[in-house]
Amino acid sequence: MNIIRILETGTFNITFQVGIDRLNGLSWFLLPASLVVRPDNTFEVKVDGNVVNEDSLLDYFTPPVNPPLQIKDPNDKRPEDRDEREKIPDPIAVKPEDWDEDAPAQIVNENDQVPEGWIEDEPPTLQLADWAEEMDGEWEPPEI
């Protein structure tokens, strides 16, 4: 069984002392070691030319270098009085005095003109082949 213990750390160099378990005793000696860090945030530790550890810098450490985006709270629960309605009406909201419920949803421009070269006999856009009126409702062509 090989055991690695870090003796010194520097900017780019790490000196390892490697222990080899010999029956009941542990012998320590220095071996050439290298740490290879790749651009994809993975690393490998080589001792005497043999890879002894290989992992990701982001996953290997505890706590991780990049913590999870959300941390689960085991004590988190919804309040008893939470309102589950999709839309909640605002009791203090009021419409303006001149609000007209019968007004059209879109206002027609009385002064608009058809542009020159406009194709008026253009075929309508095709309805999708898998359109089901029962599920999707009445099909309306897209407006530009």
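1. A salt bridge is counted here when a side-chain nitrogen of Lys or Arg lies within 4 Å of a carboxyl oxygen of Asp or Glu, and by this rule the chain has seven salt bridges. In general terms, side chains of opposite charge can pair when their charged atoms come close.

2. Please keep in mind that this is a predicted model, in which local features need pLDDT of at least 70 and side-chain atom pairs count only at pLDDT 80 or more, while totals for chains, interfaces and linings use all residues. Residues are numbered from 1 along each chain as its sequence is written, and side-chain values use heavy atoms, with hydrogens and water left out.

3. The secondary structure comes to two helices and six strands, and read from the N terminus the elements follow the order β-β-β-β-β-β-α-α. Helices (H or I, at least four residues) and strands (E, at least two) are DSSP runs, numbered from the N terminus.

4. Of the 144 residues in the chain, 7% are buried, where buried means under 20% relative accessible area, exposed means over 50%, and partly exposed lies in between (1.4 Å probe, protein chains only). The accessible surface of the chain, computed by the Shrake-Rupley method with a 1.4 Å probe, comes to about 14200 Å², and 52% of this belongs to carbon and sulfur atoms. With a contact taken as heavy atoms within 4.5 Å, 6% of the contacts between residues at least 6 apart in sequence join residues at least 24 apart.

5. Which residues are linked in a network of salt bridges? They are Arg38, Glu44, Lys46 and Glu54. The side chain of Glu44 meets that of Arg38 at 2.7 Å, N to O, and Lys46 meets Glu44 at 3.4 Å, N to O. Glu44 is buried at 9% relative accessibility, whereas Arg38 is partly exposed at 28% and Lys46 is partly exposed at 28%.

6. Arg38 also forms a salt bridge with Glu54, at 3.7 Å, N to O. This pair links distant parts of the chain, with Glu54 in strand β6 (residues 50–56) and Arg38 in the loop between β4 (33–37) and β5 (42–47), 16 residues apart.

7. A negative surface patch is formed by Asp130, Glu133, Glu134, Asp136, Glu138, Glu140 and Glu143; patch residues have over 30% relative accessible area and no salt bridge, and like charges are joined within 9 Å. Glu138 lies in the segment after α2 (133–136), and Glu138 is exposed, with a relative accessible area of 66%.

Notes
Patch = residues over 30% accessible without salt bridge, like charges linked within 9 Å, V, L, I, M, F, W, Y side chains within 5 Å. Lys, Arg positive; Asp, Glu negative; His and termini not counted. Charge placed at Lys NZ, Arg CZ, Asp CG, Glu CD.
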